[in-house]
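Welcome! Take a moment to look over the sequence and the 3D view, and then we can walk through the structure together.

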Amino acid sequence: MAAENSKQFWKRSAKLPGSIQPVYGAQHPPLDPRLTKNFIKERSKVSTVPLKSKKASSFHEFARNTSDAWDIGDDEEEDFSSPAFQTLNSKVALATAAQVLENHSKLRVKPERSQSTTSDVPASYKVIKSSSDAQLSRNSSDSCLRNPLHKQQSLPLRPVIPLVARISDQNASGAPPMTVREKTRLEKFRQLLSSHNTDLDELRKCSWPGVPREVRPVTWRLLSGYLPANTERRKLTLQRKREEYFGFIEQYYDSRNEEHHQDTYRQIHIDIPRTNPLIPLFQQPLVQEIFERILFIWAIRHPASGYVQGINDLVTPFFVVFLSEYVEEDVENFDVTNLSQDMLRSIEADSFWCMSKLLDGIQDNYTFAQPGIQKKVKALEELVSRIDEQVHNHFRRYEVEYLQFAFRWMNNLLMRELPLRCTIRLWDTYQSEPEGFSHFHLYVCAAFLIKWRKEILDEEDFQGLLMLLQNLPTIHWGNEEIGLLLAEAYRLKYMFADAPNHYRR
């Protein structure tokens, strides 16, 4: 009797240490481990009476369905015929498993072919195929569904990279030749950048629709305020700032092992491997060491906020852009050990200073309680309620709070929602706009949300809406989609930025 009461106590106590709780801003909602139990243990008798499944229609129901991890294994006689388990069928699971084994056996028939495509690839370049590959081959034949990246595996000395991880834009190697218009734009940039005193206003105007890859590094340094407009002062400024950064390294980096800095360094050390895990470039130990130094030095020089999860993502666009200054090929596959020590030091220091300039404008996003994000999410809610009341009311009907999905949009500047190549193009415009990362970003988020209004209105329960908003299908996006998004954001800014009472209730 006592054992039974104890068992019931654990069932009632969902919020105990170790319980799985939904994390707002996580890329994927928590998985209920109970759903995997059918793959481990098949019951001899399972009720086959069809029951109407009931989806979570509110946050509280969603949390109840995903929060209790203490039930696992506590009750061997748990009823697996309940609606929560109707979505899994043991026959379907066994059939799927058999199909997987069959496919693997077919692949093993021709080991020479598979080995020839991977033997020359360094171990550090291996990439796990993402689940988004299924979207790439949805309209393909059955053979493509089984192996969507088969064609690319024939390329020598190049690991397979999912589309979501490709950084290249229209000006990268392997792309079609530049058009006359693109050549004209590139020449205009070069004239601006080579003038004695670069006209920064004109440079911002030219950069708004995108910066050519060849001149993006120096353009970003100028637009961020890291480099002076006067060409004669640039070389000395770069030399001085780079020496200053490595002076910080010598002065502060050893303190990472001190007790009052251990928590900061440990969190940075945990987050670095999670940064763009699909891109081999960021999984190289040397690159991760560079990121650790950049983030640690920034954190101890900004004690008001310190290091906050999400800041690690903000280094990556700068690192890729400044690396492209020395690399002509696609940087996602590049081995940085091929660069000289001076090149790596320049990339590291420039990434640190440009990231610092960016964060200076949005530091209230990362101070205690993150008030900047709270205000921006509230402003986004007010803006959406005016520009698309139907979507706003749809969220209210199913009890979806903007903070549950838009927190990550503000904290990571949409970097978790867009491929890195799109983020780089987006930041061309952000650095061309006054207060682009703080003010203009609000209108980009509003345009981004309304872009998916049809998909949002098609979802009619809380869980479906949250799953959609945390996994928006942008894998195929490129410069064209970002250009349209920015144009809509500019239209919204033109309508509402100077008339705040227009969208306040």
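This is a predicted model: local features need pLDDT of at least 70, side-chain atom pairs count only at pLDDT 80 or more; totals for chains, interfaces and linings use all residues.

## A guided tour

Met495 sits in helix H23, which covers residues 479-496. Together with Tyr490 and Tyr494, Met495 makes a nonpolar surface patch of about 370 Å².

**The chain as a whole**

Now a step back. The protein chain has 23 helices and zero strands. Of its 505 residues, 46% are buried. Among contacts with a separation of 6 or more, 76% are between residues 24 or more positions apart.

**The nonpolar core**

Which residues touch the most other members of the largest nonpolar core? They are Phe395 and Trp427, in a core of 114 residues. Helix H20 (residues 436-451) gives this core its largest share, ten residues. Leaving out residues up to four places away in sequence, Phe395 touches Val400, Tyr402, Phe405, Leu449, Ile456, Leu465 and Leu469.

One of those partners, Phe405, is also among the buried residues of helix H18. Helix H18 (residues 403-411) is largely enclosed by the rest of the structure, because eight of its nine residues are buried. Those buried residues are Gln404, Phe405, Ala406, Phe407, Arg408, Trp409, Met410 and Asn411. Just after H18 comes Leu413, with a positive phi of about 55 degrees.

Helix H14 (residues 316-323) is largely enclosed too, because eight of its eight residues are buried. Phe318, Phe319 and Phe322 are among the buried residues of H14. The cover over them includes helix H10 (216-223), H13, helix H15 (341-360) and helix H19 (420-430).

Arg293 belongs to helix H13 (residues 285-301). Is Arg293 buried or exposed? Its relative accessibility is 18%, and therefore it counts as buried. The side chains of Arg293 and Glu348 are joined by a polar contact of 2.9 Å. Apart from neighbours within four places in sequence, Arg293 is in contact with Tyr245, Ile249, Tyr253 and Glu348.

Asp388 lies in the loop between helix H16 (371-387) and helix H17 (389-397). Its relative accessibility is 8%, so Asp388 counts as buried. The Asp388 side chain reaches the backbone nitrogen of Val391 at 3.2 Å. Not counting residues up to four places away in sequence, Asp388 touches Ile450 and Arg453.

**A loop and its partners**

Gln363 is found in the loop between H15 and H16. Although Gln363 and Ser305 are 58 residues apart in sequence, they are 7.3 Å apart in space, C-alpha to C-alpha. Setting aside neighbours within four places in sequence, Gln363 is in contact with His302, Ala304 and Ser305.

**Salt bridges**

Side chains of opposite charge can pair when their charged atoms come close. How many salt bridges does a search of the whole structure find? The search finds 17. Here are some of them:

| Salt bridge | Closest N and O atoms |
|---|---|
| Arg242 and Asp350 | 2.7 Å |
| Asp263 and Arg266 | 2.7 Å |
| Asp458 and Lys454 | 3.3 Å |

The pair of Arg242 and Asp350 forms a salt bridge. This pair links distant parts of the chain: Arg242 is in helix H11 (residues 231-252) and Asp350 is in helix H15, 108 residues apart. Both Arg242 and Asp350 are buried. They also belong to a network of salt bridges that links Arg221, Arg242, Glu325 and Asp350.

Asp263 and Arg266 are separated by about one helical turn, because they are three residues apart in helix H12 (residues 259-271). Asp263 is exposed, with a relative accessible area of 53%, whereas Arg266 is partly exposed at 47%.

Asp458 and Lys454 share helix H21 (residues 453-458), where they are four residues apart, about one turn of the helix. Both Asp458 and Lys454 are exposed. An α-helix has 3.6 residues a turn, so residues three or four places apart point the same way.

Notes: Residues are numbered from 1 along each chain as its sequence is written. Side-chain values use heavy atoms; hydrogens and water are left out. Patches are made of residues with over 30% relative accessible area and no salt bridge: like charges are joined within 9 Å, nonpolar side chains (Val, Leu, Ile, Met, Phe, Trp, Tyr) within 5 Å. Accessible areas come from the Shrake-Rupley method with a 1.4 Å probe; for residues, only the protein chains shown count as cover. A salt bridge is a side-chain nitrogen of Lys or Arg within 4 Å of a carboxyl oxygen of Asp or Glu. Helices (H or I, at least four residues) and strands (E, at least two) are DSSP runs, numbered from the N terminus. Buried means under 20% relative accessible area, exposed over 50%, partly exposed in between (1.4 Å probe, protein chains only). A polar contact is a pair of N or O atoms within 3.5 Å; within protein, one must be able to donate a hydrogen and the other to accept it, and residues adjacent in sequence count only if both atoms are side-chain atoms. Contact means heavy atoms within 4.5 Å. A nonpolar core is a set of buried Ala, Val, Leu, Ile, Met, Phe, Trp, Tyr and Cys residues joined through side-chain atoms within 4.5 Å.
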